[in-house]
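Here's a quick tour for anyone meeting this structure for the first time. Have a look at it before reading on.

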Amino acid sequence: MKITARYPWATWEIWTWIERIDYTSGSYVTWTSLYRPRWYNTLVGGLWNSYHLKARAADGAPANGLLKDLAARARAVAPSKGQVVIEAKKGIVHLEIED
């Protein structure tokens, strides 16, 4: 697993995807929950097999609040095993790269 300098708890694959989204974005995106240790994942109600535990997931909140726009940009530049989920109640777009 290659760790990056900008996001020290992100794998190269998720970091590259985030960079592509940021590059094509017309608005600011706050990226959170790139990596979660198991204790924190349990605390926030994460799944036992969450990709956050492997640093293969990220949650993004667009400054303009347009989740569908962020999801569309994420899908447009997604890696082959990338999944995009809109979590409207949380106000985030969840990205994950399957193993």
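Predicted model: local features only at pLDDT ≥ 70, side-chain atom pairs only at ≥ 80, totals over all residues.

Residues are numbered from 1 along each chain as its sequence is written, and side-chain values use heavy atoms, with hydrogens and water left out.

The structure holds three salt bridges (a side-chain nitrogen of Lys or Arg within 4 Å of a carboxyl oxygen of Asp or Glu):

| Pair | Closest N and O atoms |
|---|---|
| Arg56 and Glu13 | 3.6 Å |
| Arg36 and Asp59 | 3.4 Å |
| Glu87 and Lys90 | 3.3 Å |

Let's start with Arg56, which pairs with Glu13. Arg56 lies in the loop between helix 2 and strand 2 and Glu13 in helix 1 (residues 12-24), so this bridge ties together parts 43 residues apart in sequence. Helices (H or I, at least four residues) and strands (E, at least two) are DSSP runs, numbered from the N terminus. Arg56 is buried at 15% relative accessibility, while Glu13 is partly exposed at 33%. Buried means under 20% relative accessible area, exposed over 50%, and partly exposed in between (1.4 Å probe, protein chains only).

In the second pair, Arg36 and Asp59 are both buried. As for the third, Glu87 is partly exposed at 22% and Lys90 is exposed at 60%.

Now the backbone. Ser33 isn't a glycine, yet has a positive phi of about 50 degrees; Ala55, also not a glycine, has phi near 60 degrees. Ala55 is buried, at 3% relative accessibility, whereas Ser33 is partly exposed at 23%.
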